[in-house]
Amino acid sequence: MKKRQVVVRRDKSSTSTSVVRSTVRYGECQKNHAANIGGYAVDGCREFMASGDEGTREALTCAACGCHRNFHRREEETEVVCEYSPPNYNSSRR
């Protein structure tokens, strides 16, 4: 399941604006199924696959292992798409 998020950040110390694209992916399941007996065992689910459509309760449950999405390792990739600095009109006028 991939999610994309576009964030526009404005630096308060300057007038530049940057657009940042963030992609979130959920990797292997890390739920410890043997915690109640003092052991450590994970089920081997390699990647989160949503059981339902986005926005539903089933979208938070993995179709492969049945665990909640929070038990899966979260990987977030962030990249700056573009930066924009408007021209400084005060310094160019004389």
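Is R73 buried or partly exposed? Select R73 to start: its relative accessible area is 30%, so R73 is partly exposed. Here buried means under 20% relative accessible area, exposed over 50%, and partly exposed in between, with a 1.4 Å probe and protein chains only.

Before moving on, a word on the model. It is predicted, so local features need pLDDT of at least 70 and side-chain atom pairs count only at pLDDT 80 or more, while totals for chains, interfaces and linings use all residues. Residues are numbered from 1 along each chain as its sequence is written, and side-chain values use heavy atoms, with hydrogens and water left out.

**Stop 1: the salt bridges**

Strands (E, at least two residues) and helices (H or I, at least four) are DSSP runs, numbered from the N terminus. E28 is partly exposed at 25% relative accessibility.

A salt bridge requires a side-chain nitrogen of Lys or Arg within 4 Å of a carboxyl oxygen of Asp or Glu, and by this rule the count comes to 6. Now select R25 and E47, whose side chains meet in another salt bridge at 3.7 Å, N to O. This pair also links distant parts of the chain: R25 belongs to strand β2 and E47 to the loop between β2 and β3, 22 residues apart. Both ends are partly exposed, R25 at 28% and E47 at 33%.

Next, pick R74 and E76, which make a salt bridge at 3.5 Å, N to O. R74 is partly exposed at 48% relative accessibility, and E76 at 45%. To see a network, show R25, E28, E47, R73 and E75 together: salt bridges with shared partners join them into one.

**Stop 2**

S22 lies in strand β2 (residues 17–29) and is buried at 4% relative accessibility.

The C-alpha atoms of T78 and S22 are 4.3 Å apart, although 56 residues separate them along the chain. Leaving aside neighbours within four places in sequence, T78 is in contact (heavy atoms within 4.5 Å) with V20, R21 and S22.

**Stop 3: K31 over a ring**

Select K31 and F71: K31 lies over the face of F71, at 5.1 Å from the ring centre. The rule asks for NZ of Lys or CZ of Arg within 6 Å of the ring centre and within 35 degrees of the ring normal. K31 is in the loop between β2 and β3 and is partly exposed, with a relative accessible area of 28%.

**Stop 4: two cysteines**

How many disulfides does the structure hold? A search of the whole structure finds 0, a disulfide being a pair of cysteine sulfur atoms within 2.5 Å. The sulfur of C67 is 3.7 Å from its closest cysteine sulfur, in C29, which is too far for a bond. C29 is buried at 4% relative accessible area, and C67 is buried at 5%.
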